Amino acid sequence: MTGNTIPPAARSRLWQQVNEAAAEGLFRLQVCTRCDKVQYPPQEFCSRCLCDELSWEAVSPMGKVLSWTRSRASTSEFFRDKFPLNIGLVKLDCGPVMVTYLAASCLHTGSRVQVTGKQDKSGQAVFFAAPPDKDPVADFNNIVMEEVKHERK
Amino acid sequence: MQPYNDVALVVPTSLPYERRSERSAAWFTGAVFAGMLDRAGLEKHDIDGLAIASFTLAPDSVVSMTEYLDISPGWLEQIPMGGASGPVAARRAARAVQAGDADIVACIGGDTASADTFTDLVRNFSRFSSDAAFPYGAGGPNTVFAMITRHYMEKYGAEREDFGRVCIAQRENALAAGTAVFNKPLSMEDYLSARPISEPLHLFDCVMPVAGAEGFLVMTVARAEALQLPYAHILAAGERHNAWSDDDVHFRGGWSLYREQMYEQAELGPGDMDFLQTYDDYPVISMIQMEDLGFCEKGGAAEFVRTRPLTWNGGGLPHNTCGGQLSAGQAGAAGGFLGTVEAIRQLTETGLSNQVAGARHGMASGYGMVNYDRCLCTSAVILGRGGE
Ligand SMILES: [Zn+2]
């Protein structure tokens, strides 16, 4: 089936900003210019003060694991030889809660993690949470885009 | 809030669910519509209000259905609330009938299921989901509800066996009702040894997508009596959306914000409910509803299900008396109607094979629409046996 040989690729227009930050190796999220709320997932106005002037700024990528799962079933063929797949819910110190891929060493509620954006094999950025001093995609080499890995070396 | 005086819910109707179907959601919707007319002894032009919930009706809508059914209603509602749609449909249709905006409203939840419908549905469910949740393993709702389940287990000390108790009791209910896709008994050993889907969720914690439809008619009590139809009263109803949005992980829902008002309006308490029909996309969500609807303290559902039988005839709290979606499968938005339809059935019919003895009052609740990391819609109704 078409589309099943890569991870899900459909994203909103705003996601391009996430892709650009990931390509630059930076952790940037939406920040409200009026009330300073850090917002994720991105949307076109601030959900707190409704201001529609939002900037993309470097924020702290540090956070802690709120919960996690070891996924073994998918609607996409791409993932079927990659189970189990560790996925976490991460509370960033700067506020938002993110769904991320989660390093195998962080499968504990409360684990301190650093979140990094990288392109997966669909070409779209996804987020990886790992211990701060570790390679964020070490457990996910079969999911990240090859070129991204080469750039790192 | 004004009472729902003189409103009757009648002819609770369920189409048998099918694992897969070549037929469209329009067929399922039309079939349950025809079935309700037949049972009520009405002609289709007697219906002047139509409320529909469906995920797979697109590109059609409730508007298209008026042409397919060739009816000309003066009141239409499409309810995009999935698992919360049944109680919401009852609530809105009741107000329309009460105000005289419509005489008879047909409320229907229906969906088809093919090899691709479920995948298409979860892929395109919402913008937040397709940007920031679905790409992670493409597991659909299992991924976020697995994380909600683990968090609940760690926060309140619930064990897998507690979820198992909910699932096993529902399977017993399904066997008594005799209508479910899953028609074999489930033991605790079966439950615990099932294959993992998204840990801590295993096979029997997850619903199977199926095709089907559920519906009921809403009219005045006078009309129901003239038609000699047994009916249920609507004693109280509530809905709340995007409640508790500051909670980092979902562990409570909007029900907790309106349950007191509902019990006050119904002049009843949780102890007066002869059954409870919760929305059971995952057993943890049923347990959260038991808490947030006041059947036990917050965090107390694990202890509650350890000590209170949940079967239709167990003498405890009869819960999801037809087996729920965990046994019947999830027929899309019909899953949001299943509990309401079963509640009306328990209060209107006699001689059901899963009849809760002497049932006079009961509650049905709904929960629907994952936007990112939880469902946003909650709803509930308290119903009473008609004529009392
Ligand atoms: Zn703001």
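This is a predicted model: local features need pLDDT of at least 70, side-chain atom pairs count only at pLDDT 80 or more; totals for chains, interfaces and linings use all residues.
Local features rest on pLDDT of at least 70 and side-chain atom pairs on pLDDT 80 or more, while totals for chains, interfaces and linings use all residues. Residues are numbered from 1 along each chain as its sequence is written, chains are lettered from A and ligands numbered from 1 in the order in which they are written, and side-chain values use heavy atoms, leaving out hydrogens and water.

Four SG atoms, from Cys32(A), Cys35(A), Cys46(A) and Cys49(A), coordinate the zinc ion at 2.3 Å; donors are N, O and S atoms within 2.8 Å of the metal (3.2 Å for Na, K and Ca). Angles among the four donor atoms run from 99 to 117°, and the site is tetrahedral, a label that requires all angles of four donors to lie between 85 and 135 degrees. For four tetrahedral donors, the ideal angle is 109.5 degrees. Along the sequence, the donor residues follow the spacing C-x2-C-x10-C-x2-C. Cys32(A) is buried at 1% relative accessible area, and Cys46(A) is buried at 0% (buried means under 20%, with a 1.4 Å probe and protein chains only).

The largest cavity holds about 60 Å³ of space; on a 1 Å grid over the protein atoms alone, a cavity is a set of points where a 1.4 Å probe fits but cannot get out, and lining residues have an atom within 4 Å of a point. Among the residues lining the largest cavity are His241(B), His250(B) and Cys375(B).

Definitions and conventions:
Four donors count as tetrahedral if all angles lie between 85 and 135 degrees; four count as square planar and six as octahedral if opposite donors are over 155 degrees apart and all others between 65 and 115; anything else is irregular. Buried means under 20% relative accessible area, exposed over 50%, partly exposed in between (1.4 Å probe, protein chains only). On a 1 Å grid over the protein atoms alone, a cavity is a set of points where a 1.4 Å probe fits but cannot get out, and a pocket is an open set with protein on both sides within 12 Å along at least five of seven lines; lining residues have an atom within 4 Å of a point. Grid points are joined across faces, edges and corners, and a volume is the space filled by probe spheres set on the points.
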